[in-house]
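My notes follow the display.

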Amino acid sequence: MSRQIFYMPFSLKFLFLLILIMIFGLGSLFLGIIVSAFMKIGFSAEDALLILFLSLLGSGINIPLTTLKSDTPVVRENYVKVFGISYRIPIREMVRNETILAVNVGGAVIPVLISAYLLTQFPSAIYLAGAGIAVVAVVTYSVAKPIRGIGIATPALVPPLTAALTAILFTSLVQISGCPAEPCRVIIAYTGGVLGTLIGADLLNLGKIKNLGAPIASIGGAGTFDGIFLSGFIALLLI
């Protein structure tokens with residue numbers, strides 16, 4: 001009698017089909033979540049798909065802005081032999097590091113343009129949105145960490161959580177004429193998540209980037225779903 005414990009209740013072809021269904025199902029669900037998030041800020045489903053497509057396309061485009069240069073002191077060891085005995089002589093050298101600073105189209109430019117568009121559509125929300133951006137920038141800057149060879153890293157959920165909570169708090173305490181609570185909350189959350197992250201994580205840390213030894217530092221350039229893109233997107237989902 002067979003004592004086999006682990007066995008497949010269906011064929012490998014059927015298992016492969018289930019995996020494909022799961023992949024496409026999860027992809028469709030994620031796509032639907034993104035579309036619904038952008039529809040919250042007044043875009044149609046077609047516009048949301050276009051934004052996502054352009055973001056995916058733009059994720060591979062980095063626009064160089066400038067080259068950051070820094071001189072880093074490095075201690076190297078040199079050995080000199082005298083009468084068969086080796087003596088260690090430390091030598092201090094200056095090594096020139098160059099980092100190309102760039103901005104990513106999909107991860108930074110497009111979210112910033114969307115933020116600017118929203119603020120022009122609801123100019124009465126600019127002051128609250130500016131306050132929200134400042135709060136997110138301060139919090140993001142306080143948790144951002146420079147990592148040598150990579151760039152500036154921030155905890156993924158801190159900026160969007162801060163943006164969403166700030167938007168809810170501000171719209172609960174302050175009523176703006178010409179800007180209903182729901183649209184204002186959405187605008188404050190999105191612009192805070194995008195511009196606050198951009199300022200707090202990247203712009204306020206530009207002075208540190210040149211000393212990290214990274215060959216290129218691209219703002220919003222760690223793929224499409226970089227911190228700036230994700231912060232605005234997740235902030236929309238949280239409100």
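Which residues touch the most other members of the largest nonpolar core? I found that Phe38, Ile41, Ile114, Tyr190 and Ile219 do so, in a core of 39 residues. I took such a core as a set of buried Ala, Val, Leu, Ile, Met, Phe, Trp, Tyr and Cys residues joined through side-chain atoms within 4.5 Å, where buried means under 20% relative accessible area with a 1.4 Å probe, protein chains only.

The model is predicted, with pLDDT of at least 70 required for local features and 80 or more for side-chain atom pairs, while totals for chains, interfaces and linings use all residues. Numbering runs from 1 along each chain as its sequence is written, and side-chain values use heavy atoms, without hydrogens or water.

I then looked up Phe38. Beyond its neighbours within four places in sequence, Phe38 contacts (heavy atoms within 4.5 Å) Phe43, Ala48, Ile51, Ile114, Tyr190 and Leu236.

Next I turned to helix 4, residues 126-143; helices are DSSP runs of H or I, at least four residues, numbered from the N terminus. Its buried residues include Leu128, Gly132, Val136 and Thr140. Helix 3 (105-121), helix 5 and helix 6 are among the elements that cover the buried residues of helix 4.

I examined the packing of helix 4 on helix 5 (residues 158-173): the angle is about 150 degrees and the axes lie 9 Å apart, with axes fitted to C-alpha atoms over the stretch in contact and angles running from 0 to 180 degrees between N-to-C directions. Among the residues that meet are Val135 and Val139 in helix 4, and Thr162 and Phe170 in helix 5.

Note on methods: Helices (H or I, at least four residues) and strands (E, at least two) are DSSP runs, numbered from the N terminus. Buried means under 20% relative accessible area, exposed over 50%, partly exposed in between (1.4 Å probe, protein chains only).
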